[in-house]
Amino acid sequence: MTKILVYGAGPLGSLFAARLQQGGNQVSILARGQRLTDLREHGVVLVDVQTQEQTVTRVHVVEKLAADDAYELVLVIMRKNHALQILPVLAANQCTPNVLFLCNNAAGPQAFTEALGKERVLIGFPNAAGYRQGHTIHCLAGTQDDKAYIPFGEVDGRITERTRQVARVLESAPGFGAEMRADMDAWLKYHVALLFPSLAPAIYAAGVDNYRLARTRDLVVEAMRAMREGFGVLRSLGYPVTPSKLRVIEWLPEPILVPLAQRLLANPRMETALIKHAQAARSEVDHLIEEFMTLARTTSVPTPTIDHLLRYYEPDAPPVPDGSHQIPLRWDGLLAALGALALLISGGVLWIRRLSGKKQGG
């Protein structure tokens, strides 16, 4: 049994607190105001948005983290701009050796390590989504049959005994697994590039409506091009595409990539995964766009599509016409894909010839 504090009682903090408690850990969750009252009266009420199954889990609730409170692990699960605000409180507590920040982050872990020391900090991402209605949390998360794996790691990329211990704690939560990574900072940077200077302004330009975005091809085209520009920024800074599956965004030609993205955006789960968060967390979107653009400004990589999309993000910008599809699609990626296939085939032919030659010579 591990003594854990979940710092942040929003949708995902509540989800993790409940699941970790169900996994046999001694969990406390820090809450204030109406959320504090709701948790004490009702417990953590979770509704799975896919199955509509409801669970109620009683978790110990606290109002603050005192300097002498001792926990084996603190999970900070909140928006990045809010996480920065609680660093003095976390720094004042020297009784907790492990603090895992599960949040979007383009700027890197420096602010966390400067406040707490590198030896106390781990970074990761919650890999779940949710929103709150009254005292109920509606969540999109893993199940026992289809686990959500939480990527996390040390700030210096090492896999340590501490990393393994934290992985075991995360894996104790029903529906969750743990993915220990040596490149977590790069992972988080690419996740921000994937969403915030690209997809987020497109969502706002579509009236914060994933279905409208899905049928407005021009916005999807620009979002994909903005992602590629963001990846180019990170590559120029020495970060390879992470995780590797994101490379498909770089090499798939737009006539294939854009329809795939439109289909994904039209999935009802995107209402929870994207739209509810965009409606509730504009301050975090602002913060993460600024973090990423700060990185971009340190390079010479042009970002014309990102710059254009960010104009739609201005509060008084009119939405793009529903269904707009004026931008011609590019086939650029097809040449790269065909080139890779040609190299693969020619390499296979050479290998077969060499093998045949060896057999004849033998």
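A pocket here is worked out on a 1 Å grid over the protein atoms alone: it is an open set of points with protein on both sides within 12 Å along at least five of seven lines, and its lining residues have an atom within 4 Å of a point. Before going on, some housekeeping: this is a predicted model, in which local features need pLDDT of at least 70 and side-chain atom pairs count only at pLDDT 80 or more, while totals for chains, interfaces and linings use all residues. Residues are numbered from 1 along each chain as its sequence is written, and side-chain values use heavy atoms, with hydrogens and water left out.

With that in hand, look at the second largest pocket. It holds about 240 Å³ of space, where a volume is the space filled by probe spheres set on grid points joined across faces, edges and corners. The lining counts 14 residues, and Arg19, Asp48, Glu53, Thr55 and Gly142 are the ones nearest the centre. Elements that give two or more residues to this lining are α1 and β3, and β3 has the largest share, with three residues. (Helices are DSSP runs of H or I with at least four residues, strands are runs of E with at least two, and both are numbered from the N terminus.)

Strand β3 takes us into an open, mixed sheet of four strands, in the order β4-β3-β10-β9. Two strands count as paired if DSSP finds at least two bridges between them. Neighbouring strands are turned by 25° against each other on average, direction ignored; axes are lines fitted to C-alpha atoms, for helices over the stretch in contact, and angles run from 0 to 180 degrees between N-to-C directions.

Now settle on β10. Its pairing with β3 is parallel, over four bridges, and Leu46 has Ile137 as its bridge partner there. With β9 the sense is antiparallel, over five bridges, and Tyr131 stands opposite His138. β9 and β10 make a hairpin with two residues between them, and Gly134 in that turn has a positive phi of about 65°. Is β10 buried or exposed? Five of its five residues are buried, meaning under 20% relative accessible area with a 1.4 Å probe and protein chains only (exposed is over 50%, partly exposed in between). Thr136, His138 and Leu140 are on one side, Ile137 and Cys139 on the other.

Finally, check a few backbone torsions. Gln52, in the loop between β3 and β4, has a positive phi of about 65° although it is not a glycine, and it counts as exposed at 52% relative accessibility. Asn127, in the loop between β8 and β9, is also a non-glycine with a positive phi, of about 55°, but is partly exposed at 34%. Further along, Thr242 and Pro243 are joined by a cis peptide bond with omega about -5°, and Pro243 is in the loop between α10 and α11.

How values were computed. On a 1 Å grid over the protein atoms alone, a cavity is a set of points where a 1.4 Å probe fits but cannot get out, and a pocket is an open set with protein on both sides within 12 Å along at least five of seven lines; lining residues have an atom within 4 Å of a point.
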